[in-house]
Amino acid sequence: MFLADCHVHSFYSFDGHDAPEQLAEAAACRGVAALAITDHCDLSPAGCCPRYLAIEDRCQAHIRALAAESAGPEILYGLELGQPQQNPAEARALLGRHEYDFVIGSVHTLSDGRDIYRTNYTDLALCQEVLSRYFADIQQLLDFGDFDCLGHLDYPLRAMGDFRPDPSLREYREQIAPILKELARQGKGLELNANGCRKWIGRPGPDEWVLKTFKDYGGELLSTGSDAHSSQYCGQGLEQALALARSAGFDQIALFRRRKPELRRF
């Protein structure tokens, strides 16, 4: 089985804990063939994440050197680009400065400034409000367009816990379907994120019906990632993610080099 972990964070991320070498070692121990280190750079109307700007060159040099020396998994240089549509000029300038292999487009902070993960969810109505705005913001992310794969479509569910006892997104089908259609039209990927395997959700996401809908619209590119922020979780949940992809009718996953996709059978 071909295992690729295309979403991990090193200590170059504000919430990462371990060195790229530690992530690579953990990936090798778990049979991962390719590892994309995708550290965070979130944007806001004020600009790029100052922490990332301070380390971007050092991060690139470190990961490219590790890639050249690695006798284990293939190491790819990536980025998780948070809400670039909030400052497209800064985002494009960043992307122009580096030859990334893989860029994940994500939304962590809503267009009204609320941090999705740090919001205090007190009732179902608030959950519904956040999810509706989140999917509207993803539409704006698609309008920005300069990314390779949409990250963790079901991200808000991680933080909602007891107020969303059913982790399905089915009630948002009308908002999600146009997102999937546009992803497929643009030839972009959809991420299978295994973080949910170790959260209350208990499985990778998004839902199987989401993958099938994406496929029905002509979507071909799926990436897999553990979304690990430490070596302890690097490579975990990938087998479950591939099982979900297979049940939705896929038999290949996408690996990106210099932002060009390559399909690999699993």
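A salt bridge is a side-chain nitrogen of Lys or Arg within 4 Å of a carboxyl oxygen of Asp or Glu. The views below are of a predicted model.

**View 1. A salt bridge joins R258 and E99.** The two side chains meet at 3.2 Å, taken from N to O. R258 is located in the loop between β9 (252–257) and β10 (260–265), while E99 belongs to the loop between α3 and β5, so the pair ties together parts that are 159 residues apart in sequence. With a relative accessible area of 55%, E99 is exposed. R258 counts as partly exposed, at 45% relative accessibility.

**View 2. A salt bridge joins R64 and D101.** The distance from N to O in this pair is 2.9 Å. Because R64 is part of helix α2 (residues 50–69) and D101 sits in the loop between α3 (88–97) and β5 (102–106), the pair ties together parts that are 37 residues apart in sequence. R64 counts as partly exposed, at 23% relative accessibility. D101, in contrast, has a relative accessibility of 3% and therefore counts as buried.

View 3. The side chains of D112 and R114 meet at 2.9 Å, N to O. D112 is partly exposed, its relative accessible area being 38%. R114 also counts as partly exposed, at 22% relative accessibility. In the network, salt bridges link R92, D146, D148 and R259. The structure as a whole holds 17 salt bridges. In general, side chains of opposite charge can pair when their charged atoms come close.

**View 4. R258 and R259 in the loop between β9 and β10.** Most residues other than glycine have a negative phi. In R258, however, phi is positive, near 50°. R259 likewise has a positive phi, near 65°. The relative accessibility of R259 is 22%, so this residue counts as partly exposed. R258 is partly exposed too, with a relative accessible area of 45%. Both residues take part in salt-bridge pairing: R258 with E99, and R259 within the network that includes R92, D146 and D148.

**View 5. Helices α7 and α8 pack against each other.** Helix α7 spans residues 208–216 and helix α8 spans residues 238–247. Their axes are 9 Å apart and form an angle of about 50°. The two helices are therefore oblique to each other. The crossing in which α7 passes α8 is right-handed. On the α7 side, E208, L211 and K212 meet L244, A245 and S247 of α8. The residues of this contact divide into 3 nonpolar, 1 polar and 2 charged.

**View 6. A cis peptide bond leads from G205 to P206.** Most peptide bonds are trans. The bond from G205 to P206 is cis, with omega near 10°. P206 is found in the loop between β7 (189–193) and α7.

**View 7. The surroundings of S10.** S10 is placed in the loop between β1 (4–8) and α1 (20–29). Its relative accessibility is 0%, so S10 counts as buried, which requires a value under 20%. Leaving aside residues up to four places away in sequence, S10 touches G16, H17, D18, A19, P20, L23, I37 and D39.

Notes
Residues are numbered from 1 along each chain as its sequence is written. This is a predicted model: local features need pLDDT of at least 70, side-chain atom pairs count only at pLDDT 80 or more; totals for chains, interfaces and linings use all residues. Side-chain values use heavy atoms; hydrogens and water are left out. Helices (H or I, at least four residues) and strands (E, at least two) are DSSP runs, numbered from the N terminus. Buried means under 20% relative accessible area, exposed over 50%, partly exposed in between (1.4 Å probe, protein chains only). Contact means heavy atoms within 4.5 Å. Axes are lines fitted to C-alpha atoms, for helices over the stretch in contact, and angles run from 0 to 180 degrees between N-to-C directions. Angles under 35 degrees count as roughly parallel, over 145 as roughly antiparallel, 65 to 115 as roughly perpendicular and the rest as oblique. A crossing is left-handed if the near helix is turned anticlockwise from the far one by less than a right angle, and right-handed if clockwise. Ala, Val, Leu, Ile, Met, Phe, Trp, Tyr, Cys and Pro count as nonpolar, Asp, Glu, Lys and Arg as charged, and the others, Gly among them, as polar.
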